[in-house]
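Work through these exercises with the model open beside you. Try each task before you read its solution.

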Amino acid sequence: MTGHSSLPGIIRFLKLVALGLFLTLIVLFLVATARTFTLEVNAGLQLAHWEKAAVISADLTSEQRDDLLTHFKEAIRIPTVSFSASHQNTSALQEFNHLLKRVFPTIFSSSLVKHELVGNYSHLFTVSGTDPKLVPYMLLAHTDVVPANETDGWEVPPFSAEELNGFIYGRGTIDNKQSVMAILQALEYLLERGYVPRRGFYIGLGHDEEINGYAGAVNTVKLLKDRGVKLQFLVDEGLAVLDGIISGLDGPAALIGVSEKGHATVKLSVSMKPGHSSMPARQSSIGILAAAVTRLENYPMPRLFGSGPEKSMFEHLAHKFGLPLRFIVSNLWLFSPLISRVMERKPELNAFVRTTTAVTMFNAGVKVNVLPSHAEAFVNLRIHSAQTLQEVLDLIDSTIADDRVKVELINGFDPLPISSFSEQSFGFQVIKKTVLDMFPKVTVAPGICVGNTDSRHYTSLTKDIYRFAPTWFKPGDIQRFHGINERISSKNYEELVLFYFRLIQNCDIKRLPPSHTSQHDL
Ligand SMILES: CCCCCCCC/C=C\CCCCCCCC(=O)N[C@@H](Cc1ccc(O)cc1)C(=O)O
Ligand SMILES: [Zn+2]
Ligand SMILES: [Zn+2]
């Protein structure tokens, strides 16, 4: 034993103390700045004093409840399929027109409602309001559906509307005949009960949404623009009430789509000289194209999670996560790289992380012993809000990096603008109030719609477009969308009717109550 420490030992000890202090300071700094502040989203405006609007109650008799389900099932049984851009089942669309007139006689005979056909099969209803100073709003839905084959694994024929264990099965039950029928059923009941709207509104039912809405939505917009119409806000299909779908979230969440992703459909093609397969060149058109497609799949678009409206979505949901998730989700500025890496493992979550790349069609070759002169593939990309169409096209070029591959944009558009969702946002707050009136335990948050809707054609009429219907999705239900065994519970369909019944009345308020944001720290 030396009796006293050596100088290098003391220096080492002091260095360790300094390092410890430094690390403690960093942790304290992180905790202080990364405090878990959460938005108590269901409070705030919802606690304020709202002008009373929803005064008529639905009070449905059991006969009316049977009738509304019968009407809905009739709608599902008409196969209004959009097969391709040039092929629709027009006789089914015609039959659908007749169904609407038959089951909603009050709407079609009311002096308050003007009905017009657009492009033969789309419907525009103009409902006049008593106060011309109130800017009208619009409800959208679509009557066409994607194809469905029973042999794909449907439990019942897809156009049978059969009921199994409380669920009505069939193509269109969640996309989007539930909204078509519920909106009109709600208006029918309101008019039957003597309702006269204060705020005028429009209902637009497109017949070709599944093939881009060029005949329905686009022409409806032209008509409204020619009439100088401006809309306070618009509600279309899109997001839903998610129950048990977001892991770690306590209770269901109603996500109101305040934007939708952009879109690009790109054709890749390679042309080579045809010839005898016994004397092939080192690479074929198919091989070159396959390599290009593989590069696009191997090098996905950059992670952008946290730089679009998904940030607000998580901020609004944060207080419903337990720790440590609450801390992580409320500090996306720090944790988004980590969250992105977890989310990207699941396709339905990866859609929120980046621009997605889906190779959807691949055609080449005509005969086993002929070298293919031409190979082509179609790639469908959904563009994250923080990227533009042009940036995506540039990235495709630099990833493929092969002049032999021709890259053509077939169609595309930038991500849609972000609609308002503050306490001053009339549309968002009225939708939110209606959701909470009906489902008080649900957390309402802004969300982003990963698919595209007819509403994208309406941006010249309003800046506030919301994509939402209170269709309840439980685990496994999202896959039913365009998939097999599409279904809705009869209870949920009835809730949809009551939702629109209330929403229409809630829109009659002149203005929102004064706002007072409510935030709280952990
Ligand atoms: C933490 C997040 C949890 C995950 C939340 C997922 C919620 C998903 C809920 C609903 C699914 C979203 C569906 C949106 C509606 C899309 C409608 C649609 O399919 N539209 C077509 C339109 C289209 C576009 C281009 C064409 O050439 C033809 C049709 C689409 O493909 O987007
Ligand atoms: Zn749809
Ligand atoms: Zn669809």
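**Exercise 1.** In which hand, left or right, does α2 pass α5 in their crossing?

*Solution.* The model is a predicted one. Start with the geometry. Helix α2 (residues 62-77) packs on helix α5 (residues 177-192) at an angle of about 140°. Their axes are 10 Å apart. Angles over 145 degrees would count as roughly antiparallel, so α2 is oblique to α5. Now the hand: α2 passes α5 in a right-handed crossing. Next, find the contact. On α2, L68, H71, F72, A75 and I76 take part. On α5, the partners are K177, V180, M181 and Q185. Sort these residues by class: six are nonpolar, two polar and one charged.

**Exercise 2.** Find how α13 and α14 are oriented to each other, and list the residues that meet.

*Solution.* Take helix α13 (residues 426-438) and helix α14 (residues 490-506). Their axes come within 9 Å and cross at roughly 135°. The two helices are therefore oblique to each other. The crossing of α13 and α14 is right-handed. From α13, the contact uses V430, I431, K433, T434, D437 and M438. From α14, it uses E495, L498, F499, R502, L503 and N506. By class, the contact of α13 with α14 holds six nonpolar, two polar and four charged residues.

**Exercise 3.** Describe how domain 1 touches domain 2.

*Solution.* First set the bounds. The domain assignment gives domain 1 as 62-239 + 416-506 and domain 2 as 260-407. The C-alpha centres of domain 1 and domain 2 are 31 Å apart. Then count the contact: 15 residues of domain 1 meet 16 residues of domain 2. On the domain 1 side, strand β18 (residues 443-449) gives the most, with six residues. That side of domain 1 has eight nonpolar, five polar and two charged residues.

**Exercise 4.** Which element supplies the largest share of the shell around ligand 1?

*Solution.* Begin with the count. Ligand 1 is surrounded by 20 residues. The closest are N212, G238, I246, G451 and N452. The largest share, five residues, comes from β10. Check the classes: the shell has twelve nonpolar, five polar and three charged residues. Domain 1 and domain 2 each give at least three residues to the shell around ligand 1.

Note on methods
Residues numbered from 1 in each chain as written. Chains lettered and ligands numbered in written order. Predicted model: local features only at pLDDT ≥ 70, side-chain atom pairs only at ≥ 80, totals over all residues. Near = placed C-beta within 6 Å. Helix = DSSP H or I, 4+ residues; strand = E, 2+ residues; numbered from the N terminus. Nonpolar A, V, L, I, M, F, W, Y, C, P; charged D, E, K, R; others polar. Domains from an automatic or database assignment. Axes fitted to C-alpha atoms, helices over the stretch in contact; angles between N-to-C directions. Parallel < 35°, antiparallel > 145°, perpendicular 65-115°, else oblique. Left-handed = near helix turned anticlockwise from the far one by under 90°. Contact = placed C-beta atoms within 7 Å.
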